[in-house]
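Have a look at it first, and then we'll go through it piece by piece.

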Amino acid sequence: MAFGVYVHIPYCIQRCTYCDFATYEQSKILPPDQYVQLLFEEIRQKHRYYQPQKLDTLYFGGGTPSLIPAHLIVAVIKELGRYGYTTGPDTEITIEINPATVDKDKLKMYIDHGVNRFSVGAQTFDDRLLKMVHREHSAKQTLETLDLLRAHNLNFSFDILFALPSQTLDGLKNDVRIAVEQGAKHISPYCLTVPEGHPLSKGRALEEEQVDMFDFIADELTGRGFQQYEISNFSLPGYESRHNMLYWVDQPYWSLGLSSHSYSKESQWGTRYWNLNSIGEYKKQILDFQGQEFTSPAAHLPGAQVEQLEMHQALTDFCHTSMRLMRGLNERELQEKFPVAVYHQISSIMNKLIGNGWVQSQNNHWSLTRDGLVISNKVFQELTFLKEDV
Ligand SMILES: C[S@@+](CC[C@H](N)C(=O)[O-])C[C@H]1O[C@@H](n2cnc3c(N)ncnc32)[C@H](O)[C@@H]1O
Ligand code: SF4
């Protein structure tokens with residue numbers, strides 16, 4: 001079994017117009033050293049939930065983890081190590097960095113402490129669009145940050161945002177070309193998602209055009225040696241995100257910090273638990289249990305923050321996460337985890353979806369076809385189960 005830790009760092013220079021993540025403008029939240037003290041306290045309270053072990057992956061996400069002093073990131077790595085959650089050269093340690101928030105010294109400190117993967121929030125190389133969505137950096141600053149990463153021969157990944165208002169296919173082509181030329185080993189294209197009525201919901205490519213945009217990205221990247229290994233993730237061979245794979249292949253992960261979500265296998269069908277979304281509530285909860293240690297989320301957290309899954313929920317999660325991967329759902333793993341009757345039930349649903357042309361069966365895996373990818377929501381709907389369904 002693989003195991004990883006996620007650490008949420010909820011600091012940003014400014015809030016991007018489209019962003020719905022739990023993060024604050026840095027002046028509107030407690031200072032980062034105090035937040036990191038809360039993380040330490042959370043580690044103390046929860047470290048017995050899991051067995052101490054060498055981490056396969058450690059991921060600092062945000063927010064903008066690269067905004068806070070690098071020694072605080074290092075302090076978290078060390079604190080986890082003190083409790084036996086150690087890292088080594090084979091641990092994938094990722095940090096999300098925003099352009100213009102790292103310099104040589106920060107980078108050196110990350111590298112000296114094992115950080116070996118950098119996820120760069122490039123989004124687009126079009127300054128007009130960056131400004132429009134209230135990003136704090138310019139394309140030139142992104143390129144300067146990339147120069148710095150390349151000078152140290154580092155492994156970096158890009159997030160690309162597409163279907164922004166007034167963005168054209170030609171504009172997107174330019175973004176993808178630059179991303180590849182800059183040497184990213186991994187690219188995550190995200191179609192902008194905003195609720196109806198949001199200021200950024202107007203003037204966008206229509207739904208079919210968004211599909212064309214994604215198809216363009218997929219064709220372009222696969223033509224340049226990338227593999228689409230997950231619905232919205234592409235990598236050169238061997239550069240898949242090992243941390244994100246934990247989420248998709250039913251492995252446990254421990255997440256720390258504001259609003260983070262975790263998964264453990266302590267109960268029969270797995271347990272999900274999560275932290276609150278507002279910094280005030282998060283802080284209160286951590287301080288309420290100060291100095292205490294617990295052996296399971298059920299013994300520690302209020303009922304509204306922990307869920308011991310039932311079989312139908314575990315099955316839904318298993319189907320959804322594995323069908324996000326291009327390699328698809330492994331029939332053997334399904335049979336190992338669930339009763340044989342469930343296997344037959346899924347088999348018959350998959351046969352129907354194969355008939356629709358949305359799913360294919362290869363090497364004992366069921367996976368989405370290209371048509372299935374476009375309407376993946378419908379496929380997931382078919383693979384969503386209520387208690388009475390199984
Ligand atoms: C939580 S952000 C953290 C990364 C970093 N702070 C940044 O903005 O570059 C992770 C990624 O989610 C994507 N994202 C955030 N809000 C989104 C939205 N409304 N629709 C689609 N993608 C979104 C962005 O591409 C972003 O890079
Ligand atoms: S920098 Fe990233 S996390 Fe922060 S507001 Fe913008 S999109 Fe959200």
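## Around the ligands

A residue is taken as near a molecule or strand if its C-beta atom, placed from the backbone, lies within 6 Å of it. On that basis, the shell of ligand 2 holds Cys12, Arg15, Cys16, Cys19, Phe21, Thr23, Gly62, Gly63, Thr64, Asn98 and Gly121. Sorted by class, that makes four nonpolar, six polar and one charged residues; here Ala, Val, Leu, Ile, Met, Phe, Trp, Tyr, Cys and Pro count as nonpolar, Asp, Glu, Lys and Arg as charged, and the others, Gly among them, as polar. Bear in mind that this is a predicted model, where local features need pLDDT of at least 70 and side-chain atom pairs count only at pLDDT 80 or more, while totals for chains, interfaces and linings use all residues. As for labels, residues are numbered from 1 along each chain as its sequence is written, with chains lettered from A and ligands numbered from 1 in the order in which they are written.

Ligand 1 has 17 residues around it, and the closest are Tyr18, Gly121, Asp159, Tyr190 and Thr193. Strand E6 (117-123) and strand E7 (156-162) are the elements that give two or more residues to this shell. Helices (H or I, at least four residues) and strands (E, at least two) are DSSP runs, numbered from the N terminus.

## Two domains

The chain is assigned domain 1 (4-246) and domain 2 (315-389), with bounds that come from an automatic or database domain assignment. Their centres, taken over C-alpha atoms, are 29 Å apart. Where they meet, five residues of domain 1 are in contact with six residues of domain 2; contact here means C-beta atoms, placed from the backbone, within 7 Å. On the domain 1 side, strand E9 (residues 227-230) gives the most, with three residues. By class, that side has three nonpolar, one polar and one charged residues.

The scale is simple: 20 or more other C-beta atoms within 10 Å of a residue's own is buried, 12 or fewer is exposed, and in between is partly exposed, with C-beta atoms placed from the backbone. Leaving out residues up to four places away in sequence, leucine 325 touches Tyr229, Glu230 and Trp248. Its C-alpha atom is 8.9 Å from that of methionine 245, which sits 80 residues away along the chain.

## Nonpolar cores

A nonpolar core is a set of buried Ala, Val, Leu, Ile, Met, Phe, Trp, Tyr and Cys residues joined through C-beta atoms within 7 Å. The largest one has 69 residues, and Val5, Val7, Ala179 and Ile187 touch the most other members. Apart from that core lies another of 17 residues, including Leu329, Met350, Val359 and Phe385. Beyond four places in sequence, valine 7 touches Leu39, Phe60, Val76, Leu256 and Gly257.

## Strand pairs and hairpins

Strands E12 (residues 261-264) and E13 (residues 271-274) run antiparallel and are joined by four bridges; two strands pair if DSSP finds at least two bridges between them. Serine 264 stands opposite threonine 271. The pair forms a hairpin with six residues between the strands, and glycine 270 in the turn has a positive phi of about 100°. Which face of E12 is covered? That's the one with Ser262 and Ser264, while His261 and Tyr263 make up the uncovered face. In a regular strand, side chains alternate between the two faces of the sheet.

Further along, strand E17 (residues 365-368) has antiparallel partners in E15, through two bridges, and in strand E16 (residues 359-362), through four. Leucine 329 has tryptophan 366 as its bridge partner in E17, and glutamine 362 is bridged to histidine 365. The hairpin of E16 and E17 has two residues between the strands, and asparagine 363 there takes a positive phi near 45°.

Notes. Contact = placed C-beta atoms within 7 Å.
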